[in-house]
Amino acid sequence: LESKVFLALGSNLGNKYKNLKNAEILLEEKGIRILKRSKIYITPPFGYTEQDDFLNECLIITTNLSPRELLNKIHEIEKGLKRKRKIHWGPRTIDIDILFYEDKIIDEEDLKIPHPGIPERDFVLRPLMDLDPDFIHPILKKRIKNLYSEIEDKCVPYDEHYILG
Ligand code: PH2
Ligand code: MG
Ligand code: MG
């Protein structure tokens with residue numbers, strides 16, 4: 001049985017748009033089906049602010065992989081796109097985070113689902129508004145649209161038409 005999963009993708013190094021697109025291609029090559037894509041947003045860096053703006057998007061995917069298997073595949077894709085882990089929260093060619101996995105709650109050292117950063121991150125909540133504003137956060141028991149209404153949104157939609165062709 002396929003599970004519905006929300007992913008967050010972000011890039012702020014190199015060709016950010018291409019990095020997102022290549023990550024999508026690699027996900028599909030590994031048998032992960034993309035059901036729905038949010039818009040892409042230009043977002044100011046959160047946390048460690050001495051770095052370039054990000055491009056962020058979220059995806060709804062379906063998969064037979066367990067959360068742990070999915071995390072392993074994500075790590076392979078991040079390695080394939082030459083991500084180097086240097087500064088914590090620092091610049092990266094690609095970051096892929098599991099936000100929600102159905103309504104599962106997982107609290108392990110290296111795998112926390114729902115992703116703990118969701119309620120404070122405009123660059124996640126804004127794209128989630130494109131995908132499913134009524135989705136209920138399984139721990140907070142609040143809808144995406146309610147979480148979104150509680151934060152300041154600095155995301156700027158990225159017009160993909162300028163870079164096509
Ligand atoms: N990811 C981080 C830290 N800061 N800021 C933005 N705007 N977008 C991100 O994806 C992001 C961040 C850690 O993963
Ligand atoms: Mg992240
Ligand atoms: Mg990550």
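**Entry 1: S38**

I began with the neighbours of S38: leaving out residues up to four places away in sequence, S38 touches E57, C58, P127, D130 and L131. I counted a contact when heavy atoms lie within 4.5 Å. Before going on, I noted that this is a predicted model, where local features need pLDDT of at least 70, side-chain atom pairs count only at pLDDT 80 or more, and totals for chains, interfaces and linings use all residues. Residues are numbered from 1 along each chain as its sequence is written, chains are lettered from A and ligands numbered from 1 in the order in which they are written, and side-chain values use heavy atoms, with hydrogens and water left out.

Where is S38 found? I placed S38 in the loop between strand 2 (33-37) and strand 3 (41-43).

Is S38 buried or exposed? S38 counts as buried because its relative accessibility is 4%. My classes were buried under 20% relative accessible area, exposed over 50% and partly exposed in between, with a 1.4 Å probe and protein chains only.

I also looked at C58 again, and found its backbone nitrogen 2.9 Å from a polar atom of the S38 side chain. I took a polar contact to be a pair of N or O atoms within 3.5 Å; within protein, one must be able to donate a hydrogen and the other to accept it, and residues adjacent in sequence count only if both atoms are side-chain atoms.

**Entry 2: helix 3**

How many of the ten residues of helix 3 (residues 122-131) are buried? I found eight, so the helix is mostly covered. The buried ones are D122, F123, V124, L125, R126, P127, L128 and L131.

**Entry 3: ligand 1**

F123 turned up again around ligand 1, together with T43, P44, P45, F46, F54, N56, W89, R92 and D95. Here a residue is near a molecule if one of its heavy atoms lies within 4 Å of it. By class, I noted six nonpolar, two polar and two charged residues in this shell.

Which protein atoms sit at polar-contact distance?

- A backbone N or O atom of F46 is 2.8 Å from a nitrogen atom of ligand 1.
- A polar atom in the N56 side chain is 2.8 Å from an oxygen atom of ligand 1.
- An N or O atom in the D95 side chain is 2.9 Å from an oxygen atom of ligand 1.

Ligand 1 exposes 340 Å² when taken alone, and the protein buries 96% of that. These accessible areas come from the Shrake-Rupley method with a 1.4 Å probe.

**Entry 4: D95 and the magnesium ions**

I stayed with D95, which counts as buried because its relative accessibility is 14%. The magnesium ion (ligand 2) is coordinated by D95 (OD) and D97 (OD), at 2.1 Å. Donors are N, O and S atoms within 2.8 Å of the metal (3.2 Å for Na, K and Ca), and water is not among the atoms, so sites may look incomplete.

Next I looked up F100 in strand 5 (residues 95-101). F100 is buried because its relative accessibility is 1%. Beyond four places in sequence, its contacts include K4, V5, I113, P114 and L128. I113 and P114 are joined by a cis peptide bond, with omega about -5°.

S3 lies in strand 1 (residues 3-11) and is buried, with a relative accessible area of 13%. A 3.4 Å polar contact joins the side chains of S3 and Y101.

**Entry 5: two positive phi values**

E102 is among the residues that S3 touches. Phi of E102 is near 45°, a positive value in a residue other than glycine, and E102 is partly exposed at 35%. K141 has phi near 55°, also positive in a residue other than glycine. K141 lies in the loop between helix 3 and helix 4 (144-149) and is exposed at 64%.

Terms used: Ala, Val, Leu, Ile, Met, Phe, Trp, Tyr, Cys and Pro count as nonpolar, Asp, Glu, Lys and Arg as charged, and the others, Gly among them, as polar. Helices (H or I, at least four residues) and strands (E, at least two) are DSSP runs, numbered from the N terminus.
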